[in-house]
Amino acid sequence: MPLDLEKAKLMFKLAYSKKNWGAKYDRLEHFKRFQNLKEVIKELSKINWILIHNKSNYTGISLNPKFKKEIVEFIEEQMPDVKGWIN
């Protein structure tokens, strides 16, 4: 699976299924099914699309609400079948 598609799928899961934006985050371990998880997280946090929440027992991730427009556009570009699903 291309890396951009994997990024889009991870962000779609955060945005649509879990609604994890800003202070509302989910544990990183819940996303183990993603093959290139470390690389995806590293690249998305470098451009500030993903926020990392380091807690004492786990690491959490959420989407940065400052980039909501760009994130939604990227997801819809990579996954055209979900266009209009994220509000």
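This is a predicted model: local features need pLDDT of at least 70, side-chain atom pairs count only at pLDDT 80 or more; totals for chains, interfaces and linings use all residues.
Q: What makes β1 and β2 the edge strands?
A: The open sheet has three strands in the order β1-β3-β2, with antiparallel pairing. β1 (26-27) and β2 (50-54) each pair on one side only, and are the edge strands.

Q: How do you know that β1 and β3 are paired?
A: Pairing requires at least two bridges between the strands. D26 has I61 in β3 as its bridge partner.

Q: How do the helices lie on the sheet?
A: Helix α1 (residues 3-17) lies across β2 and β3, at about 85° to β3. Helix α2 (residues 37-46) packs on the sheet and touches β2 and β3, its direction making about 110° with that of β2.

Q: Why are α1 and α2 called roughly perpendicular to each other?
A: Their axes cross at roughly 80° and come within 10 Å. Angles of 65 to 115 degrees count as roughly perpendicular, and α1 and α2 are therefore described that way.

Q: Which residues of α1 and α2 meet?
A: From α1, L3, E6, K7, L10 and M11 take part; from α2, L37, E39, V40, I41, E43 and L44 do.

Q: What makes up this contact of α1 with α2 by class?
A: It has seven nonpolar and four charged residues, and no polar ones.

Technical notes. Residues are numbered from 1 along each chain as its sequence is written. Side-chain values use heavy atoms; hydrogens and water are left out. Helices (H or I, at least four residues) and strands (E, at least two) are DSSP runs, numbered from the N terminus. Contact means heavy atoms within 4.5 Å. Axes are lines fitted to C-alpha atoms, for helices over the stretch in contact, and angles run from 0 to 180 degrees between N-to-C directions. Angles under 35 degrees count as roughly parallel, over 145 as roughly antiparallel, 65 to 115 as roughly perpendicular and the rest as oblique. Ala, Val, Leu, Ile, Met, Phe, Trp, Tyr, Cys and Pro count as nonpolar, Asp, Glu, Lys and Arg as charged, and the others, Gly among them, as polar.
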